[in-house]
Amino acid sequence: MKELLTFINEEEGSKIIDAMKNALKEELNAWYGYVIVKEWLTGTERKDIEKFYEDTAKDELEDHGYWLMKRINQLGGTIEDIAISPNSWDTATHKYIAPTWSKGNIDIKKSLEDNIKNEEGAIETYKELVKLTKDIDPASNSKLKKILADEQEHLQELKDFLQDIK
């Protein structure tokens, strides 16, 4: 561990780093899942959902993902295994759900359902991280609670969009 965080023992730090690396893979999968489909959505709600996907992708990468990278580094971890290839993202607990294409487009309903599953997985991951860091890493715990709240908000918005188009 780096000297900055000597209050965390090596075993606890290793568990936190591993859990954060998993969360980072899931964030990268979520970011990719939102950006890769947004231009090919079809349906009456397309414009609103496209904007939501764009904003949420930015949140997943720039707020959640970048923070996780920084914190992993501060805790003395590396992300070499993640940086080698996007294929490494497949080792995340909650796997990437590939979009279903139909005649060159993405069905909005199916995309929303897939992203609901992704956000539910993220919520599970962040609940575990919040519990893991509660007593040993208050700085991480505070930010992880905020990320968990973001993921819960994303989930609710996805469910609202899905309800509107049913």
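Predicted model: local features only at pLDDT ≥ 70, side-chain atom pairs only at ≥ 80, totals over all residues.

Q: Which residues are closest to the centre of the largest cavity?
A: Those are Glu26, Ala30, Asn118, Glu119 and Ala122, out of 15 residues that line the largest cavity. Helix 1, residues 10–35, and helix 4, residues 108–133, each supply at least two residues of that lining.

Q: And how does the lining of the largest cavity divide into nonpolar, polar and charged?
A: You get five nonpolar, four polar and six charged residues.

Q: What about the second largest cavity, what is its lining by class?
A: There you have six nonpolar, five polar and two charged residues. Helix 4 gives the most to this lining, with five residues. Of the 13 lining residues, the closest to the centre of the second largest cavity are Val37, Ile97, Pro99, Ser111 and Asp114.

Q: OK, helix 4 keeps turning up. What should its 26 residues span?
A: At 1.5 Å a residue, they should span 38 Å, and the end C-alpha atoms of helix 4 are 37 Å apart, so the two agree.

Q: Which residue caps the N-terminal end of helix 4?
A: Asp107 does: one of its side-chain oxygens lies 3.2 Å from the backbone nitrogen of Lys109.

Q: What happens at the start of helix 1?
A: A side-chain oxygen of Asn9 reaches to within 3.0 Å of the backbone nitrogen of Glu11 there. As for length, the 26 residues of helix 1 should span 38 Å at 1.5 Å a residue, and its end C-alpha atoms are 37 Å apart, which agrees.

Q: Switching to lysines. Is Lys21 buried or exposed?
A: Lys21 sits in helix 1. Its relative accessibility is 13%, so Lys21 counts as buried, the cut-off being under 20%.

Q: Which side chain does Lys21 join in a polar contact?
A: The side chain of Asp81, at 3.0 Å. Leaving aside its neighbours within four places in sequence, Lys21 is in contact with Ile72, Thr78, Asp81 and Ile82.

Q: And Lys134, where does that lie?
A: In the loop between helix 4 and helix 5.

Q: How far apart are Lys134 and Lys145?
A: They're 11 residues apart in sequence and 9.9 Å apart in space, C-alpha to C-alpha.

Q: What do the buried residues of helix 5 pack against?
A: Helix 1, helix 2 (46–74) and helix 4. Those buried residues include Leu144, Ile147, His154 and Phe161. Helix 5 covers residues 138–165, and its 28 residues reach 41 Å from first C-alpha to last, close to the 40 Å expected at 1.5 Å a residue.

Q: Last one: what is the phi of Lys103?
A: It's positive, about 55°, although Lys103 is not a glycine. For background, most residues other than glycine have a negative phi.

Q: Where is the place of Lys103?
A: Lys103 is in the loop between strand 2 (101–102) and strand 3 (105–107). With a relative accessible area of 83%, Lys103 is exposed.

Terms used: Residues numbered from 1 in each chain as written. Heavy atoms only, no water. 1 Å grid on protein atoms, 1.4 Å probe; cavity = no way out; pocket = protein on both sides within 12 Å on 5 of 7 lines; lining within 4 Å. Helix = DSSP H or I, 4+ residues; strand = E, 2+ residues; numbered from the N terminus. Nonpolar A, V, L, I, M, F, W, Y, C, P; charged D, E, K, R; others polar. Expected span 1.5 Å × (residues − 1). Polar contact = N/O pair within 3.5 Å; in protein donor to acceptor, adjacent residues only side chain to side chain. Buried < 20%, exposed > 50% of the residue type's maximum accessible area, 1.4 Å probe, protein only. Contact = heavy atoms within 4.5 Å.
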